[in-house]
Amino acid sequence: MKSFRLALIQQLVSCVKSDNVSRAWQLVKQAVKQKPDIVVLPECFNFPCGTRLYPKNAEPVPGETSQQLSKMAKECGIYLIGGSILESDRGKLYNTCLVFSPDGKLLVKHRKIHLFDVHIPGKVNIQESNIVCPGNSLSMFETPFCKIGLGLCYDLRFAELAQAYTKKGCHLLVYPSTFGLTTGPAHWDILQRGRALDNQVYVATSSLATDNDADYISWGHSAIVNPWGDVVAQAGSEETIIYADIDLQYLADIRQQIPLHFQKRHDLYGEVGEQKH
């Protein structure tokens, strides 16, 4: 297939976990009316983002939320990238993205690799590593359309991860994310466009909607960027769904016109992408 349709859900969440899962069901069912092949939920879609809320919302995999995600994928006949949940495993917590096939099978589990330990005086002071542990592997999955690489939020800042996925054949990179009001306006768009341009891939980011009463206020602005660096679809701050057709022939044309992947000087600056998977 030369193209497929992608849907990103920008969800507004409450403090009630079961209500958030129910709302995700509603939004996925709404999204499939536009016949997407792949649907993406945001990071922390089943509880408000904020490390204070992490421990009490953690659950095992398989567990209540993962079972609901599997049912969503199977009932709707889609690939479902399930944003992220807080996974508990042998006494440790992980910020985890689960991906399900159209038959409800778990395809891959991505544990957030880079944790958000950031101090910007007077604006941001979050130490995600005080609560969760980092993942230690790349996470990709195959579809009939293309190979897809996964990251979560802060993973987007690390160019090496995107380069590694590209080297391994991924044509779409998906980052369920929740940037805040400090870094969102400053860096959100440019990071996505940079990852897309550097690697000549599509990049998609699915965020929580903005809730000004939340402990951690999300920037929103979920987006899809093409290999030329154009933002082909973008949300505002409200709860919504955005769509775009991922044109793989266009990607191939861009790579032929500007053949970066054949022009790299690995003899001078080494090669990224040899990490163990």
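Colleague: What should I know before we start?
Modeller: It's a predicted model, where local features need pLDDT of at least 70, side-chain atom pairs count only at pLDDT 80 or more, and totals for chains, interfaces and linings use all residues. Residues are numbered from 1 along each chain as its sequence is written, and side-chain values use heavy atoms, with hydrogens and water left out.

Colleague: Why is the pair E59 and K17 called a salt bridge?
Modeller: The term asks for a side-chain nitrogen of Lys or Arg within 4 Å of a carboxyl oxygen of Asp or Glu. For E59 and K17 the closest N and O atoms are 2.6 Å apart, so the pair qualifies. The pair links distant parts of the chain, 42 residues apart: E59 sits in the loop between α2 (54-57) and α3 (64-76), and K17 in helix α1 (residues 17-31). Helices here are DSSP runs of H or I with at least four residues, strands are runs of E with at least two, and both are numbered from the N terminus.

Colleague: How do you know whether E59 is buried or exposed?
Modeller: Buried means under 20% relative accessible area, exposed over 50%, and partly exposed in between, with a 1.4 Å probe and protein chains only. E59 has 6% relative accessibility, so E59 counts as buried.

Colleague: What makes E87 and K109 a salt bridge?
Modeller: Their closest N and O atoms are 2.9 Å apart, so they meet the cut-off. E87 belongs to strand β4 (residues 85-89) and K109 to strand β6 (residues 106-111), 22 residues apart. E87 is buried at 1%, whereas K109, at 33%, counts as partly exposed.

Colleague: Which residue pairs with D89?
Modeller: That's R111, with the closest N and O atoms 2.8 Å apart. Since D89 lies in strand β4 and R111 in strand β6, the pair ties together parts 22 residues apart in sequence. R111 is buried too, at 18%. E87, D89, R90, K109 and R111 are linked in a network of salt bridges.

Colleague: How many salt bridges turn up in the whole structure?
Modeller: The search finds 13.

Colleague: How many cavities of 30 Å³ or more does the structure hold?
Modeller: One. A cavity is a set of points, on a 1 Å grid over the protein atoms alone, where a 1.4 Å probe fits but cannot get out. The largest cavity has a volume of about 80 Å³. It is lined by 13 residues, and the closest to its centre are L208, A209, D211, A214 and Y216.

Key:
1 Å grid on protein atoms, 1.4 Å probe; cavity = no way out; pocket = protein on both sides within 12 Å on 5 of 7 lines; lining within 4 Å. Points joined across faces, edges and corners; volume = space filled by probe spheres on them.
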